[in-house]
Amino acid sequence: MSGFVFSEKPIRIERGEGATLYADDGTEYLDFGASYAVAAVGHCHPRVVDAVKSQVEDLMYVQASYPVEARTELYEKLATVSPPGLDNVWLCNSGTEANEAAMKFARNATGRSKIVATRRGFHGRTLGALAMTWKDKYKKPFEPLAGGIEFVSYGDGEELAEAVDDETAAVFLEPIQGEGGIHPADATYLRRAREVTEEAGAALVFDEIQTGVGRTGTLWACERSEVDPDILTTAKGIASGLPLGATVCADWIADADPEHGSTFSGGPVVCAAANATLDVIVEEDLPTHAADVGRYLMESIEGADLPIREVRGRGLMIGVEVKRGSNRLLRDLALEEGILALPAGRTVLRLLPPLIVDESHADRVVEAMEAVL
């Protein structure tokens, strides 16, 4: 008997440390995927491990209506580091749940039902978030999905303005599209999104599930454009691999008192992991480090003699558009060069390493790409 959702790779991982994963046969792999940006501070960071061990010894779980120190600390920490005005925190178990909550909160606060999302966008796989996800590959088998979703071209401010009206509850945007091929939005587009949602009385939601907690060179990708949303969602790198997502809201969203719940909302162990992870990211200024190493890596790829079309991204969220299928390239990088990476569509190699990688790691990746390409 085996799992049936994921197709297993021919590598059995036994342990991890920093930016390195070790297979059960002793083979070492440089992890430049971080399991879709999850291992933000590296695998098994000592501070995170110690925080989890300490919490497990005291209390593994109690339902969220009972205050516990680790959860209260994380509420305060997230409110402090989130964009201005986002002081209300809902904790859940994943990014798709964070986006489901954002949909409900926006509809509840506005009394409206229409959601505007973008082509190439990805917001999750549960039925509500899936309805906002663009690619038919993910949606078609499960239709009918939630209604009231209108898609617009990513980056086109005027098309967005035409779509947002007095029936719109929210606009959902990724500041950088991840699954869609690593496409950063420019600041003008995000500012236009802020203008049109304010004029219409709709909520602006930034999906920072993948871009958040330092990955793009700032703590949140939206900081670069100086645009603050009404709702921000995050997950992946926030708790070093323990299941945690968060929906952070402005007062006007939270004051509408949405009816919502989750059995495992903000369990003490995952909150302890998140507190330690955020402490490492902030205290060691990993966003700045990610910006520096990411710039070096992108310039190195662009300067190498490689058959590629384009390099896109910010910080350590990088997409390399290649001239052949990305899946074959990923296989060759892993099996021939010991580099683990990710796809972002059929022709884009996605690099999302732990934020602790350095220039020597970047050099190794470029050398591996030269060898297999």
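**Before starting**

This is a predicted model, in which local features need pLDDT of at least 70 and side-chain atom pairs count only at pLDDT 80 or more, while totals for chains, interfaces and linings use all residues. Residues are numbered from 1 along each chain as its sequence is written, and side-chain values use heavy atoms, with hydrogens and water left out.

**Stop 1**

Select glutamate 73 and lysine 77. Their side chains form a salt bridge, with N to O at 2.8 Å; the term denotes a side-chain nitrogen of Lys or Arg within 4 Å of a carboxyl oxygen of Asp or Glu. Both residues belong to helix α3 (residues 69-81), where they stand 4 residues apart, about one turn of the helix. Helices here are DSSP runs of H or I with at least four residues, strands are runs of E with at least two, and both are numbered from the N terminus.

Buried means under 20% relative accessible area, exposed means over 50%, and partly exposed lies in between (1.4 Å probe, protein chains only). The areas come from the Shrake-Rupley method, and for residues only the protein chains shown count as cover.

**Stop 2: a salt bridge between two helices**

Select glutamate 158 and arginine 192. The two form a salt bridge whose closest N and O atoms are 3.2 Å apart. Because glutamate 158 lies in helix α7 (residues 157-163) and arginine 192 in helix α8 (residues 187-200), the pair ties together parts that are 34 residues apart in sequence. Glutamate 158 is partly exposed at 46% relative accessibility, and arginine 192 is partly exposed at 22%.

Salt bridges that share partners join Glu73, Lys77 and Asp279 into one network. For the whole structure, a search finds 16 salt bridges.

**Stop 3**

Select lysine 140, glutamate 143 and proline 144. The side chains of lysine 140 and glutamate 143 meet in a salt bridge at 3.7 Å, N to O. Glutamate 143 is partly exposed, with 41% relative accessibility. The peptide bond that leads from glutamate 143 to proline 144 is cis, with omega near 10°. Proline 144 itself is in the loop between α6 (136-139) and β6 (149-152).

**Stop 4: positive phi angles**

Which phi value does alanine 37 have? Its phi is positive, about 75°, although alanine 37 is not a glycine. Alanine 37 is part of helix α1 (residues 34-37) and is buried, with a relative accessible area of 2%.

Lysine 236 also has a positive phi, of about 35°, and is likewise not a glycine. The loop between β11 (231-234) and β12 (245-250) contains lysine 236, which is partly exposed at a relative accessible area of 28%.

**Stop 5: two positions separated in sequence**

Select aspartate 186 and serine 225, and display their C-alpha atoms. The residues are 39 apart in sequence, and their C-alpha atoms are 7.5 Å apart in space. Aspartate 186 is in the loop between β9 (183-184) and α8 and counts as partly exposed, at 44% relative accessibility.

**Stop 6: charged surface patches**

Select Arg125, Lys135, Lys137 and Arg346, which form a positive surface patch. Patch residues have over 30% relative accessible area and no salt bridge, and like charges are joined within 9 Å. Lys and Arg count as positive and Asp and Glu as negative, while His and the chain ends are not counted. The place of a charge is taken as NZ of Lys, CZ of Arg, CG of Asp or CD of Glu.

Arginine 125 is in the loop between β5 (114-118) and α5 (127-131) and is exposed, with a relative accessible area of 56%. An unreviewed UniProt entry carries the annotation "binding site" for Arg125 and Ser262. UniProt positions are given in the numbering used here, feature names are shortened, and annotations may be inferred rather than shown by experiment.

Finally, select Asp87, Asp251, Asp255, Asp257 and Glu259, which form a negative surface patch. Aspartate 251 lies in helix α9 (residues 251-254) and is partly exposed, with a relative accessible area of 39%.

Note on methods:
Patch = residues over 30% accessible without salt bridge, like charges linked within 9 Å, V, L, I, M, F, W, Y side chains within 5 Å. Areas by Shrake-Rupley, 256 points an atom, 1.4 Å probe, with all protein chains shown as cover.
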